[in-house]
Amino acid sequence: MSTWLVEKCKPLADFVNDIKAKGLYSYFTELEQTGTYIKVEGNTLVNFSSNDYLGLTHDPRVIAEAKKALDTYGSGLCGSRYVVGTTIEHVKLEEKIAAWKGKESCIVFTTGYQTLLGTISALLVKADDSIEDNIVLAIDKLSHACILDGCALSVGTHMTRGSSKMLDGQIRYFRHNDPGSLDSIVKSSTNKGKNVIIIVEGVYSMDGDICHLPEFVKIAEKYDACIAIDDAHGTGVLGKTGRGTAEHYGLEEHIDLLMGTFSKALGCVGGFVTGQKDVISHIKHKARSFMFSAAPPVSNIVSVSKIIDIIQSEPEHLQNLRQNETYFKDHLKRLGFNYGQSATPIVPIIIGDSEKTMYLSKKLFADGVLMLPMVYPAVAKGEERLRCTISAKHSKADLDKALEVLEAEGRKIGVI
Ligand SMILES: Cc1ncc(COP(=O)(O)O)c(C=O)c1O
């Protein structure tokens, strides 16, 4: 066995072991039950760390659809979408999502991460696989890892094709959610905005703030740039009917590529990209994370489909979510907690110190509340927080329980 490999990995392992020894390590908890209420070592806790915003993962109608699909199609497809991984259910779901999002066409990926990875890198190659060396990717400085990795893969893809043309300069970062910063990047791009792809998130996952989409769309239209949105956390959550951030602003028709994941409000796993049919066809035939990875199983696909039906026909889930969010935030504010710019059910309770954040998380855990800490490198130093997420299925008693512990323990350590 190689000793240098062990030496190389030791510093991080030591760091993790040290946190564990202090009893402050909160990750990889082994759950015996999942959903709004989870079970750990026989104890039930209220879950404030899931992205199951509408609480539909355990809806009996969804489970029934999945069971039927398991009987018909088995546990997995064991092949990529290209070969034996496309069923009529995959195609039906793609048609349903395209119609829901008001776009011509859609493709479904195995994860949201792969959706961004594949879509971004596919747009950087031409039909004949040669390089688009005049496209600029304009992205937010606080972009999710899947956007950053999508850009990095674009560089990598080009490099492996023997070209030195794709340069870091083709990836330009604008200040977080700052239209002025984006405007100057687009204006100064080689073709004065043409061939720029602006990529934003509908809702930012660590802060719960909403993208300033109207200003970004104006910039895209002013310079003839195109705009793509990763609406992972907006889908099912924002807009009058839950169609997402673009619906929230009434801008669906102005977005070139609308993407999202099934792993948040849609309660499953997978991702989608929607847009004009030729653009989607290009992505379908060039996205390596789509072509070279196994298709999502049908039980998952029909579950997503059922959840979309429920969102469309039962607005009460979204109403509950919004009521819970307002109630919880009103109380947090009264207590003096800082939840930053959150305008969604992602409620960062910003503590600004990693040990205090982990202490609070542990205390909450001991009192039956799962609210996981986010510390460096997941967030910048000084911005350590409890990443709290509200669900439509939380009862008032659940919300009060979390608030009580936060108040008592927060006072003890001088956070409020
Ligand atoms: C903004 C954003 N995009 C994409 C993803 C990736 O989605 P998935 O979990 O489906 O891979 C996430 C998940 O954390 C996310 O927060």
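**Ligand.** I started with the shell around the ligand and counted 14 residues there. The closest are Thr 111, Gly 112, Tyr 113, Ala 232 and Thr 261. I keep in mind that this is a predicted model.

Which helix gives the most to this shell? I found helix α4, residues 112-123, with three residues. Then I sorted the shell by class. I noted eight polar, four nonpolar and two charged residues.

**Whole chain.** Next I stepped back. I listed 14 helices and 13 strands. The C-alpha atoms fill a box of roughly 60 × 55 × 50 Å along the principal axes. I looked up the radius of gyration and read 22 Å. A compact globule of 416 residues would have a value near 22 Å, so the two agree.

I checked burial too: 49% of the 416 residues count as buried. Then I turned to contacts between residues at least 6 apart in sequence. Of these, 74% join residues at least 24 apart.

**Sheet.** I traced an open sheet of seven strands. I wrote down the order as β3-β9-β8-β7-β6-β4-β5, with mixed pairing. Which strands stand at the edges? I found β3 (105-109) and β5 (171-174) there. Each has a single partner strand, so one side of each has no neighbour in the sheet. The twist averages 20° from one strand to the next.

I reminded myself that strands of a sheet pair through backbone hydrogen bonds, either parallel or antiparallel. I then picked one pair to follow. Strand β6, residues 196-201, runs parallel to strand β7, residues 226-230, and five bridges join them. In this pair I saw Val 200 opposite Ile 229 of β7.

**Tyr 249.** Tyr 249 is found in helix α8, residues 245-249. Is Tyr 249 buried or exposed? I counted 20 other C-beta atoms within 10 Å. The cut-off for buried is 20 or more, so Tyr 249 is buried.

I set aside neighbours within four places in sequence and found Tyr 249 in contact with Leu 213 and Pro 214. Pro 214 is 35 residues from Tyr 249 in sequence. In space I read 7.1 Å between their C-alpha atoms.

Key: Residues numbered from 1 in each chain as written. Predicted model: local features only at pLDDT ≥ 70, side-chain atom pairs only at ≥ 80, totals over all residues. Helix = DSSP H or I, 4+ residues; strand = E, 2+ residues; numbered from the N terminus. Rg over C-alpha atoms; globule rule 2.2 N^0.38 Å. Buried ≥ 20, exposed ≤ 12 C-beta atoms within 10 Å, placed from the backbone. Contact = placed C-beta atoms within 7 Å. Pairing = 2+ DSSP bridges. Axes fitted to C-alpha atoms, helices over the stretch in contact; angles between N-to-C directions. Near = placed C-beta within 6 Å. Nonpolar A, V, L, I, M, F, W, Y, C, P; charged D, E, K, R; others polar.
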